[in-house]
Amino acid sequence: MALQLYNTLTRAKEVFVPVDAAHVRIYCCGPTVYSYAHIGNGRTFTAFDLLARVMKHLYPKVTYARNITDVDDKIMDRAKALGQSIETVTETTTAQFHADMDALNLLRPDVEPRATGHIDAMIAMIGRLIASGHAYAAEGHVLFNVPSMPDYGRLSRRSVDEMIAGARVEVAPYKQSPADFILWKPSADDQPGWDSPWGRGRPGWHIECSAMTAAHLGPVFDVHGGGLDLIFPHHENEIAQSRCAHGTQVMANYWVHAGFLTMSGDKMSKSLGNIFTVAELLDEVPGEALRLALLAAHYRQPLDFSKDGLRQAKATLDRWYGVLRAAQGETGEVPAAKVPDEVLAALEDDLNTPLAFSLLHELANRFHKETEAAARQAVAADFKAAAGLMGLLTQDPEAWFRWVPKGAQGLDEAAIAAAIQARKDARAAKNFAEADRIRKELLEQGVVLEDGPQGTTWKRT
Ligand code: AMP
Ligand code: ZN
């Protein structure tokens, strides 16, 4: 089966045909670094991480770029509110973002361009747009001339009139048409700014991604995406800028958008205030449980988040890590294997994670039912390879079972090892009452012992 992706540009699921099969290039709009990532952001970035992993499985070379938006008015406002410099806000937020995404087991993107590192490229691109009549300077601003592009609105399928009528498009005296949007704007002395032919100023948000994609992926590349809310105006405007600056028919061939993570039906957003940050949930569950919960629904469907869903994801991973632990206990390391065809086919079908997870459940059940040692090991190997492609079950099962929530009073590992040894000594001396007492005492402190052929292992409840 070939990879198929739902393309927002055509509103259809299509077979993925790369521009260059020897080098696939994909881009996901990254975070604006002014405060903690919430799990709605986490959902979109996890979906793209999965896409990048599947692409890397299928193609010899993939460049996955995800930018850092480190020039934005929200960052300026945040720095002012905190009494910190812009650099402090962007650096601490970027570091926190990396820590959160690492905990969700996201691969670091191959390139992670920062907007502030591409200002010259933005100025050059704006210059080209002015020269070709697609942009104009007015009162220190530069605006994209929307009527200059006949098929503007193709991605979002809105006419210019609709956009103006329904839009939050700002009406300003320097605009020739209300739909025109900002490429460059003037900065006051206390605002971040760069010298340009139009005076000291800073870029608009959309031109940042147009310049960064061109710099790292070229004028036409394979996949571009982000959350659903970026279709209009952000992606529509990126397309307008990039196509008009480079004279191309498309900017990216496939536009992929992740559905919203909601809470009781409302989109999770900082402005509504209904957010859980990735960081705060990581105090309650391991990152991999959060990853599983975020991938549980198909990426284009809405995903209504609940703590209950998170607990279920943790319980599922306890079961799945139990398979690996049992397999390891029988013969040591679970051998590497090829990803089973049906799991790969599910993921190639527009990243059908619900189907892929049901196949993982089946493999886990098959492992438990199988009695023959070599067959059990083969099932475990398939299971681990399938989960690994999705960025799951990648840690040592012992480490998984030793995880404790932040602040929980867990017995430390040395004390547990000592108690296990004392129990072993008691059993060797046929003092089974003492051995049972030790087991019970550990259980009361949240530690379950499991006796297997390789000795006694433990996990926290
Ligand atoms: P921002 O930092 O606000 O630009 O958002 C970063 C990414 O998260 C963008 O791709 C957004 O579309 C995405 N995003 C924001 N809120 C949600 C949500 N509730 N569900 C899914 N994705 C979201
Ligand atoms: Zn973008």
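Colleague: To begin with K267, is this residue buried or exposed, or in between, and what is its relative accessible area?

Modeller: This is a predicted model, in which local features need pLDDT of at least 70, side-chain atom pairs count only at pLDDT 80 or more, and totals for chains, interfaces and linings use all residues. Residues are numbered from 1 along each chain as its sequence is written, chains are lettered from A and ligands numbered from 1 in the order in which they are written, and side-chain values use heavy atoms, with hydrogens and water left out. Buried means under 20% relative accessible area, exposed over 50%, and partly exposed in between (1.4 Å probe, protein chains only). K267 is partly exposed, its relative accessible area being 30%.

Colleague: Which residue does the side chain of K267 meet in a salt bridge?

Modeller: A salt bridge is a side-chain nitrogen of Lys or Arg within 4 Å of a carboxyl oxygen of Asp or Glu. For K267 the N to O distance is 3.0 Å.

Colleague: Where do R437 and E441, which meet in a salt bridge, lie?

Modeller: Their side chains meet at 2.8 Å, N to O. The two residues are four apart, which means a separation of about one helical turn. R437 and E441 both lie in helix α16 (residues 432-444).

Colleague: Why do the buried residues of α2 lie on the same side of that helix?

Modeller: The buried residues of helix α2 (residues 73-82) are I75, M76 and A79. The arc is that of the directions from the helix axis to the C-beta atoms. They lie on the same side of α2 because they cover an arc of only 100 degrees.

Colleague: Which residue caps the N-terminal end of α2?

Modeller: A side-chain oxygen of the capping residue lies 2.8 Å from the backbone nitrogen of K74. The cap is D72.

How values were computed: Polar contact = N/O pair within 3.5 Å; in protein donor to acceptor, adjacent residues only side chain to side chain.
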